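Subject: Structure handover and notes

Dear colleague,

I am passing the structure on to you below, and my notes on what was found in it follow directly after. Please read them with the model open beside you.

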Amino acid sequence: MAKRKLTHQQKRRVLEKKSTQKSSQANNDNSSLGEEQPGLVITSFGKRVLVENSKGDQYTCAIRQHLGKLVAGDQVIWQTDIEENKGVVVRVLPRTHELSRPGFRGQTRMIAANIDFIGIVMPVVPGIHPDMIDRYLVAAQQLDIPAIIIINKVDLLESEDDWEAIAELLEPYDAMDIELIPASTVSQEGLQTLQDFMADKNSVFVGPSGAGKSSLINALIPDLEIRVGQLSEATGLGKHTTTNSILYHLPQANVEQDQLRSTGNLIDSPGVRQFSPAPCELAELESYYPDFAPFLGQCKYNNCTHSIEPNCAIKQAVENDEIALSRYQSFQRLLEEFKTAENEANSFNA
């Protein structure tokens, strides 16, 4: 038997009925929700986030579907679900300085939002990688926020030769007036300096797996184990799950007359094997290498990529030890990656 077709009027009535049902359902869904209030995302897990209210209480919250992915540091508007003692995030406030990295299949994965300071953690053991330092420095300049390099685990340097080798490796960054902070959770070296740098800021620690970020954060936040336990209980995740960024409040510090003040927030990001800043054009990438600046515009060709072209001022500066070879190599690797990403995007859109 052929399916009977609905008349125009019958279709309209069906649509009106569905609209009424949806409206009724929405009203029922909102009936148990409290007043809208501001909140801070502490961490995200699956399709939910842990949100902290102005009193410091934390709630597991669902996310309205149209809001997309939320991360540690996001400022949101949310409502409590009175019946379940949970909540729902209904809006995300405008972000500033969101740090992200490439994810699967060319997608971008956000690491942290609303940050204003980056600490690049590099360990002396298993080793410092200038290429990764350069990548994070480019990302920091893209965001126009300051970055420092934290040389972690310096207690493992056993001789003057070890120190000299590290100093030689980091000399290009010292020449660019980038702050270098030796740190150790064993000797406590550098910890107070880090506290001073992070005062009243939303900071994020980044670096490779094995850099010792967790141990460093544990030293900066003495009650971290308690906080991790509370997070584990609230989210249902294991205590050692580090697949997502987590925001911690730095401990309050003593000031004059024994008063207390908040010293900001610190976001712990998962360790990575590789990191890439947002792809950009040649001229923009050049500008993120301040040690290239004195030589730009002096090449024979205006569109010089500083690779195969003759009479290149940048290559000549490298030969004259005026630009570190490691910096030149990291520049070329990034440039090649950006070209490959552009070609893949063009091929996908074709």
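Just after helix H4, Asp200 takes a positive phi of about 60°; helices (H or I, at least four residues) and strands (E, at least two) are DSSP runs here, numbered from the N terminus. The model is a predicted one, in which local features need pLDDT of at least 70 and side-chain atom pairs count only at pLDDT 80 or more, while totals for chains, interfaces and linings use all residues. Residues are numbered from 1 along each chain as its sequence is written, and side-chain values use heavy atoms, with hydrogens and water left out.

H4 itself spans residues 191-198, and its buried residues are Leu191, Leu194, Gln195 and Met198, where buried means under 20% relative accessible area, exposed over 50% and partly exposed in between (1.4 Å probe, protein chains only). Seen down the axis of H4, these buried residues fall within an arc of 105°, so they line one face of the helix; the arc is that of the directions from the helix axis to the C-beta atoms. Gln192 and Asp196, on the other side of H4, are exposed. The cover over the buried residues of H4 includes strands E8 (117-123), E9 (147-152), E10 (180-183), E11 (201-206) and E15 (264-268), together with helix H5 (213-220); contact, here and below, means heavy atoms within 4.5 Å. In H5, the buried residues are Lys213, Leu216, Ile217 and Leu220, and since they fall within an arc of 95° when seen down the axis of H5, they too line one face of their helix.

Strand E15 also holds Asn265, which is buried, with a relative accessible area of 14%. Its side chain makes a polar contact of 2.5 Å with the side chain of His249; a polar contact is a pair of N or O atoms within 3.5 Å, where within protein one must be able to donate a hydrogen and the other to accept it, and residues adjacent in sequence count only if both atoms are side-chain atoms. Leaving aside neighbours within four places in sequence, Asn265 is in contact with Lys201, Asn202, Ser203, Leu247, Tyr248, His249 and Leu250.

Turning to the strands, E2 (residues 48-52) and E3 (residues 58-63) pair in the antiparallel sense over five bridges, two strands being paired if DSSP finds at least two bridges between them. Leu50 stands opposite Thr60 in E3, and the two strands form a hairpin with five residues between them, in whose turn Gly56 has a positive phi of about 95°. E3 is also joined by three bridges to strand E5 (residues 86-92), and these two run parallel, with Cys61 opposite Gly87 in E5.

The largest nonpolar core has 58 residues, and those with the most contacts inside it are Leu99 and Ile118; such a core is a set of buried Ala, Val, Leu, Ile, Met, Phe, Trp, Tyr and Cys residues joined through side-chain atoms within 4.5 Å. Helix H2 (residues 130-143) gives the most to this core, with seven residues. A second, separate core of 21 residues includes Cys280, Tyr288, Cys312 and Phe338.

Where do the aromatic rings pair? A search of the whole structure finds six aromatic pairs, taking rings of Phe, Tyr and Trp (its six-membered ring) to pair if their centres lie within 6.5 Å, with planes under 30 degrees apart counted as stacked, over 60 as edge-to-face and the rest as tilted. The rings of Tyr59 and Trp78 have their centres 5.0 Å apart and their planes at 45°, so this pair is tilted. Because Tyr59 lies in strand E3 and Trp78 in strand E4 (residues 75-81), the pair ties together parts that are 19 residues apart in sequence. Tyr136 and Phe275 form a stacked pair, 4.2 Å centre to centre with 20° between the planes, and this pair links distant parts of the chain, with Tyr136 in helix H2 and Phe275 in the loop between E15 and helix H7 (282-287), 139 residues apart. Tyr136 is buried at a relative accessible area of 2%, and Phe275 counts as buried at 1%.

Best regards
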